Amino acid sequence: MGASLPPRNNPFGTQGLVPGIPLRVEVQVGREVKTFATQVEAVGPQHISVLVPMHRLQRRPLPSGAILRCEYFFRGRRWRFATETIGSSPDGT
């Protein structure tokens with residue numbers, strides 16, 4: 001028998017949530033729901049980093065503590081999940 005495999009850095013990799021995949025994000029702003037397109041930058045065991053969404057060539061940072069409904073496609077299937085923002089980094093992710 002061989003050695004055990006090391007723990008995965010990306011527990012969501014089998015579901016296609018990997019860096020570079022396009023991600024659609026819905027966030028409630030006031031009374032309306034805004035939809036943005038962004039891209040996954042990094043996936044760790046406890047967090048997902050995405051690029052700051054853009055709308056009409058303007059950065060639209062997501063507010064800290066906002067509940068996001070996210071959607072992406074992988075192998076012909078639509079995957080959805082909800083998450084909460086914890087802030088943004090100085091480099092824009």
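Arg75 is exposed, with a relative accessible area of 73%; here exposed means over 50% relative accessible area, buried under 20%, and partly exposed in between (1.4 Å probe, protein chains only). The model is a predicted one, in which local features need pLDDT of at least 70, side-chain atom pairs count only at pLDDT 80 or more, and totals for chains, interfaces and linings use all residues. Residues are numbered from 1 along each chain as its sequence is written, and side-chain values use heavy atoms, with hydrogens and water left out.

The protein has zero helices and seven strands, where helices (H or I, at least four residues) and strands (E, at least two) are DSSP runs numbered from the N terminus. Along the sequence the pattern is β-β-β-β-β-β-β. Of the 93 residues, 27% count as buried. Among contacts with a separation of 6 or more, 39% come from residues 24 or more positions apart; a contact means heavy atoms within 4.5 Å.

Two strands are taken to pair if DSSP finds at least two bridges between them. By this criterion E6 and E7 run antiparallel and are joined by eight bridges. Within this pair, Leu68 stands opposite Thr83 in E7, and Glu71 has Arg80 in E7 as its bridge partner. The two strands form a hairpin with two residues between them. Arg75 is placed in the loop between E6 and E7 and has a positive phi of about 50 degrees, although it is not a glycine. E6 also pairs with E1, in the antiparallel sense and over four bridges. In that pairing Val25 stands opposite Cys70 in E6.

A positive phi in a residue other than glycine also occurs at Leu57, where the value is near 60 degrees. Leu57 lies in the loop between strand E4 (54-55) and strand E5 (58-59). Leu57 counts as exposed, at 80% relative accessibility.

A nonpolar core is defined as a set of buried Ala, Val, Leu, Ile, Met, Phe, Trp, Tyr and Cys residues joined through side-chain atoms within 4.5 Å. The largest such core holds 14 residues, of which Leu17, Leu23, Val25, Val27, Val40, Leu62 and Leu68 touch the most other members. E1, strand E2 (32-43) and E6 each supply at least two residues of this core. Apart from its neighbours within four places in sequence, Val27 is in contact with Glu32, Val33, Lys34, Phe36, Leu62, Ala66, Ile67 and Leu68.

Pockets were located on a 1 Å grid over the protein atoms alone, a pocket being an open set of points where a 1.4 Å probe fits, with protein on both sides within 12 Å along at least five of seven lines. Grid points are joined across faces, edges and corners, and a volume is the space filled by probe spheres set on the points. The largest pocket contains about 680 Å³ of space. Strand E1 (22-29), strand E3 (48-50), strand E6 (67-74) and strand E7 (77-84) are the elements that give two or more residues to its lining. E7 gives the most, with five residues. The lining comprises 29 residues, and His47, Ile48, Ser49, Thr83 and Glu84 lie nearest the centre of the pocket; lining residues have an atom within 4 Å of a point. By class, the lining divides into 17 nonpolar, ten polar and two charged residues, with Ala, Val, Leu, Ile, Met, Phe, Trp, Tyr, Cys and Pro counted as nonpolar, Asp, Glu, Lys and Arg as charged, and the others, Gly among them, as polar.
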